[in-house]
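Visitor: I would like to learn how to read single features of a protein model, one at a time. Please give the general idea and then the case at hand.

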Amino acid sequence: MTPPTERDLLLAALRFQGDLDSPVLRPGQGLQAAPAPLPEVAGLLGSIETSAEGAWYVGSLYFLPVPVAESDNVIRQANAALRALGWRDAEMTPHAFRPSGFQASNRPDFPEHEATAPDPCCMVLLNDAGKVAACWDTRHDEQGRVDLCLNLQPHAYGHWARQHISPLPTLPPLKAPDGWTLEVIGGGGNGHARASTASSLALLRGVGTQNDLYARLAEPLDNLGWTEQSVASSEALTISRWLTPEDDVALLTLMRREPGLWQAGLEVTRLHGASEDGSGESWFSF
């Protein structure tokens, strides 16, 4: 086999759209400045890393393309070698899919997710001594093969280390009241060591009064055991504060955009105790 060149390595990096800011390219070689030990692995195309004093370390191991059927085996073998050097699998809370937040009027209820692989590959490993995460990434190429990349991310260690400690709050599914149509316009969440939030936004179109629409949006929250603690309303805006059974604080808002068109929002905030170093970040969006 022809030894890999810098061009080969750059083409692999471009496939993964990696950060190439002042990189050091090492065709056929592993990372040299990694903050944790790494094994020698077969099929390595090379590595690219950026390391500067006071800056985030960025390091990536790129592998030669393999057939789809072999990609899981490559990951498992590399993971086993990492574990032998003191790495551990990230403890991730499984998140079965559940409808969350405002739901489009014609959207069906989705069944809960069931794992299809009896022994899925671990895609994130942690090194506690070096406080670094090793995250696998995959890409399919034009020949139907799989390109593999293992990214070392010290800045992501806190995120993955806290996945099972500080779960994000969840939103109940909210559908349009009878006689109204609903368009989802956004939502998501974020979290860190002190607090987590989840939110959902939607546009509602229909004919009815502000008070009636608000009451029909609030009814399912009340049915779930949420407690409305305060509410303020003007001609075109209603804001209410709620407390969930989990002691999370929620805001339900209803704002008129134009006659017959209202913007509704639901946001839930959960407070956590801070870790000693204040680390631990996570996010998602939909």
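Predicted model: local features only at pLDDT ≥ 70, side-chain atom pairs only at ≥ 80, totals over all residues.

Visitor: How do the ends of helix α2 compare with the span its 17 residues should have?

Guide: The expected span of a helix is 1.5 Å times one less than its number of residues. For the 17 residues of α2 (residues 68–84) that should be 24 Å, and the end C-alpha atoms are 26 Å apart, which agrees.

Visitor: Which residues of α2 are buried?

Guide: Buried means under 20% relative accessible area, exposed over 50%, and partly exposed in between (1.4 Å probe, protein chains only). In α2 the buried residues are Ser 71, Val 74, Ile 75, Ala 78, Asn 79 and Leu 82. Viewed down the axis of α2, these buried residues fall within an arc of 130°, so they line one face of the helix. The arc is taken over the directions from the helix axis to the C-beta atoms. The general idea is that an α-helix has 3.6 residues a turn, so residues three or four places apart point the same way.

Visitor: How many salt bridges does a search of the whole structure find?

Guide: Side chains of opposite charge can pair when their charged atoms come close. The rule used is a side-chain nitrogen of Lys or Arg within 4 Å of a carboxyl oxygen of Asp or Glu. A search of the whole structure gives 9 salt bridges. One of them joins Asp 89 to Arg 83, with the closest N and O atoms 2.8 Å apart. Asp 89 is partly exposed at 31% relative accessible area, and Arg 83 is partly exposed at 36%.

Visitor: Which parts of the chain does the pair of Arg 256 and Glu 235 tie together?

Guide: The closest N and O atoms of this salt bridge are 3.8 Å apart. Arg 256 lies in strand β15 (residues 249–258) and Glu 235 in the loop between β13 (227–233) and β14 (237–243), so the pair ties together parts 21 residues apart in sequence. Glu 235 counts as exposed at 64% relative accessibility.

Visitor: Where do Asp 248 and Arg 270 lie?

Guide: Their side chains meet in a salt bridge of 2.9 Å, N to O. Asp 248 is in the loop between β14 and β15, and Arg 270 is in strand β16 (residues 261–271), 22 residues apart. Asp 248 is buried, with a relative accessible area of 3%. Elsewhere, salt bridges that share partners join Arg 88, Glu 91 and Asp 128 into one network.

Visitor: How many disulfides are there?

Guide: A disulfide is a covalent bond between the sulfur atoms of two cysteines. The test applied is a pair of cysteine sulfur atoms within 2.5 Å, and the count comes to 0. The sulfur of Cys 121 is 8.7 Å from the closest cysteine sulfur, in Cys 122, too far for a bond. Cys 121 is buried at 14% relative accessibility.

Visitor: What does the side chain of Ser 47 reach?

Guide: A polar contact is a pair of N or O atoms within 3.5 Å; within protein, one must be able to donate a hydrogen and the other to accept it, and residues adjacent in sequence count only if both atoms are side-chain atoms. The side chain of Ser 47 reaches the backbone oxygen of Gly 30 at 3.0 Å. Ser 47 sits in strand β2 (residues 44–50) and is buried, at 0% relative accessibility.

How values were computed:
Residues numbered from 1 in each chain as written. Heavy atoms only, no water. Helix = DSSP H or I, 4+ residues; strand = E, 2+ residues; numbered from the N terminus.
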